[in-house]
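Here is a short report on one protein model. It moves from the whole chain to a single site.

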Amino acid sequence: MPRNRPGALRAARRVRHRPFRWDTPSPDRIHGLSARTSLAVHRFEALSNHYYVFPGVTDRALRRYREFLTPPGRRPRYPFLEDCGCRGCSLLDVRHARDVLGAVLRGLPRRPRAELGRLVAALDAVYLDRTLPDPFADVRREWRPDVWWYRRLEGCRYAATGVV
Ligand SMILES: [Zn+2]
C-alpha cells in the first residue's frame, strides 16, 4: 500500500484545519432549518454563557412553540406559567420558549438569523392568531411589557393540560 495516498492526506488535512473542535457529537439538523443554519445554531448554543441557552435548546424551544400551536380547531390557546424555573422545565411556558428563540436570533450571524427568523415569524403569526390580547397588559407592568408575546391572555397550566 502506498504510504501517502492522496485521499488519506486530504482527510488528515481536513481534520487538522477544522476551525472548531466539539466536545459533543455533531448535532442533528434542526427540523425546518438547513444543515448550515443548524450548525450555526449549535455553535451559538455551545459557546453561550446564558443560563437558559444550552446545547439543543433551540430545537426544544421550536418544538414547544409548534406543539403549543398544534391543537386543531379555532379555540384560543392560553400560555401558562411553569412553576419550576430550571432551564429544562421553563420551556413548558411557551413565552419562555419564545424568549429563548429571541436570544438565539440575536446571537446568530446574519444569514442563519434570517433563516431561523422566517421560521419563528411564521410561528409568531399563528401565536398571534390563536391567543387573545390581554386587556390589562398595560396595567400589569410587572408582566414584561417589553415583549409582545407576554401581552396575551394567560391560562392555567392544569386547565391547559387537561388535569382539571
Ligand atoms: Zn425544573
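The sections below cover the fold, the metal site and a neighbouring serine.

## Overall fold

This is a predicted model. The protein chain has 6 helices and 0 strands. From the N terminus, the order of elements is α-α-α-α-α-α.

The chain holds 164 residues, and 35% of them count as buried. Take the contacts between residues at least 6 apart in sequence: 62% of these join residues at least 24 apart. The accessible surface is about 10,800 Å². Carbon and sulfur atoms account for 55% of that surface.

## Zinc site

Three cysteines supply the protein donors of the zinc ion: Cys84 (SG), Cys86 (SG) and Cys89 (SG). They lie 2.2 to 2.4 Å from the ion. Along the chain, the donors follow the spacing C-x1-C-x2-C.

Cys84 is at 32% relative accessibility, so it counts as partly exposed. Cys86 is at 31% and also counts as partly exposed.

## Ser90

Ser90 sits in the loop between helix H3 (57–69) and helix H4 (94–107). Its relative accessible area is 7%, so Ser90 is buried; the cut-off for buried is under 20%.

A polar atom of the Ser90 side chain lies 2.6 Å from the backbone oxygen of Cys86. Cys86 is itself one of the zinc donors. Leaving aside neighbours within four places in sequence, Ser90 is in contact with Tyr52, Glu82, Cys84, Gly85 and His96. Among them, Cys84 is also a zinc donor.

Conventions
Residues numbered from 1 in each chain as written. Predicted model: local features only at pLDDT ≥ 70, side-chain atom pairs only at ≥ 80, totals over all residues. Heavy atoms only, no water. Helix = DSSP H or I, 4+ residues; strand = E, 2+ residues; numbered from the N terminus. Buried < 20%, exposed > 50% of the residue type's maximum accessible area, 1.4 Å probe, protein only. Contact = heavy atoms within 4.5 Å. Areas by Shrake-Rupley, 256 points an atom, 1.4 Å probe, with all protein chains shown as cover. Donors = N, O, S within 2.8 Å, 3.2 Å for Na, K, Ca; no water. Polar contact = N/O pair within 3.5 Å; in protein donor to acceptor, adjacent residues only side chain to side chain.
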